[in-house]
Amino acid sequence: MAAEEGQWVLMATGRSPTNIAVIKYWGKRDEALILPVNDSISVTLDPDHLSATTTVAVSPSFPSDRMWLNGQEISLSGGRFQSCLREIRKRAQDVEDEKGIRIKKEDWEKLHVHIASYNNFPTAAGLASSAAGFACLVFTLGKLMNVKEDYGELSSIARQGSGSACRSIYGGFVKWCMGKNDDGSDSIAVQLADETHWNDLVIIIAVVSSKQKETSSTSGMRDSVETSPLLQYRAQTVVPNRVLKMEEAIKSHNFESFAKLTCADSNQFHAVCLDTSPPIFYMNDTSHRIISLVEKWNHSEGTPQVAYTFDAGPNAVLIAPNRKNAALLLKKLLYCFPPQDNDLSSYMVGDKSILSDAGVKSIEDVEALPAPAEMKTPSQQFKGDVSYFICSRLGAGPKVVTDESLALIDSFTGLPKGV
Ligand SMILES: Nc1ncnc2c1ncn2[C@@H]1O[C@H](COP(=O)(O)OP(=O)(O)OP(=O)(O)O)[C@@H](O)[C@H]1O
Ligand SMILES: C[C@@](O)(CCOP(=O)(O)OP(=O)(O)O)CC(=O)O
């Protein structure tokens, strides 16, 4: 190792997107290795709107591995963090940076890392922060330790942090192949198509509650595996067929099929939750109202105008085939769920330009919106039931952040900036 004095700090920063499954992963056949009972398919979201940024630093002066998440120190002792660190360290290579720091392959086992990560969206609120977070951790550690760029292998390491994280290693449309091997070596994610393949899609997320949820995905799916007969049927009979159809729908830009499969799969995942003993309720009244709004609209047009999907929380992820439908959807949503404090600018985050497409520039424009024609009880409005909306699109996979001013760790102290 060069610079034996031990005062140097070497760092890497990366940013990884989150992803939302359109064919859900729910249930493990191996808890420790995180091997699923079925394949799943997701869309990767634009990292500008939903992503984790992680800086990893190494220095001979660090006495132990440490991590800070959103500014708070958290423990790295859990099996998932340990698996990711162990698997990446195993694959570390010689490193030589332009300042003359040299780290030999075998030195990585002795060196400790500091990790600081920040999510630009709510953590543990059913918006897949663990997916963005573990993908980012594995990707960025891989960069620091000069690990060979084998994305399949990186995805299988990220999987051991959180199952859904393996899909965030790629942009666009991603499939997590469940694999057959007991050691999990073939349980990896593959990219079906990149983010440019179907870039008309617009994603609107209604953040219904950004509070941390009661039942984590991990314990929820464990209970479902143990108690839900529907889960077995879903994994063995329903999903294999849906995955094939979904791949075909994505390949051929068939929105009708894509939307039908997405909604059906979300509903079946929540049916499995209800079939679990004791039952798990991730959606709430607001989630159900959003489903009803979309279903009525789709039914009145005779063909799907938008798709909805809900993960392990009440937030709705709505996918429109184009900006026209996204703007129409937004008008209906704003009519039903006007902002609590009349502040439109903080009510729509991400790509705010969708508001102009919808012709909504002020709170007066929201108040003047007509009730959606297809609604039977047009007078029903639920002010404040949605915290805010995020307008996003498909995005790319993890990237290195080269601007050193964006690093979360101070290169002099080796500690998170501001600590
Ligand atoms: N940026 C990050 N870096 C590393 N780990 C993270 C990061 N963000 C979240 N995590 C890990 O993920 C956990 C939250 O995962 P959890 O599954 O409870 O919520 P979620 O991923 O937001 O929701 P869901 O997966 O149900 O959509 C955190 O407690 C932390 O261990
Ligand atoms: C509902 C889901 O979002 C479940 C995600 O579960 P996690 O990946 O968070 O679970 P662990 O593997 O236990 O960490 C569906 C999906 O993303 O496919």
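Predicted model: local features only at pLDDT ≥ 70, side-chain atom pairs only at ≥ 80, totals over all residues.
**Exercise 1.** Find the order of the strands in the open sheet, and its edge strands.

*Solution.* Step 1: the open sheet is formed by 6 strands, and their order is S8-S7-S11-S6-S1-S19. Step 2: an edge strand pairs on one side only, as S8 and S19 (399-400) do.

**Exercise 2.** Work out in which sense S11 (112-119) pairs with S7 and with S6.

*Solution.* Step 1: strands of a sheet pair through backbone hydrogen bonds, either parallel or antiparallel. Step 2: S7 and S11 run parallel and are joined by 4 bridges; in this pairing Trp 68 has Ala 116 of S11 as its bridge partner. Step 3: S6 and S11 are antiparallel, with 8 bridges; here Thr 55 has Ala 116 of S11 as its bridge partner.

**Exercise 3.** Is S11 largely enclosed or largely open?

*Solution.* Step 1: a residue is buried if its relative accessible area is under 20%. Step 2: in S11, 6 of the 8 residues are buried, so the strand is largely enclosed by the rest of the structure.

**Exercise 4.** Describe how helix H1 (residues 79-90) is placed.

*Solution.* Step 1: list its buried residues, among them Phe 81, Leu 85 and Ile 88. Step 2: name what the buried residues pack against: strands S7, S8 and S11, and helices H2 (129-144) and H3 (151-159).

How values were computed:
Residues numbered from 1 in each chain as written. Chains lettered and ligands numbered in written order. Heavy atoms only, no water. Helix = DSSP H or I, 4+ residues; strand = E, 2+ residues; numbered from the N terminus. Expected span 1.5 Å × (residues − 1). Buried < 20%, exposed > 50% of the residue type's maximum accessible area, 1.4 Å probe, protein only. Contact = heavy atoms within 4.5 Å. Pairing = 2+ DSSP bridges.
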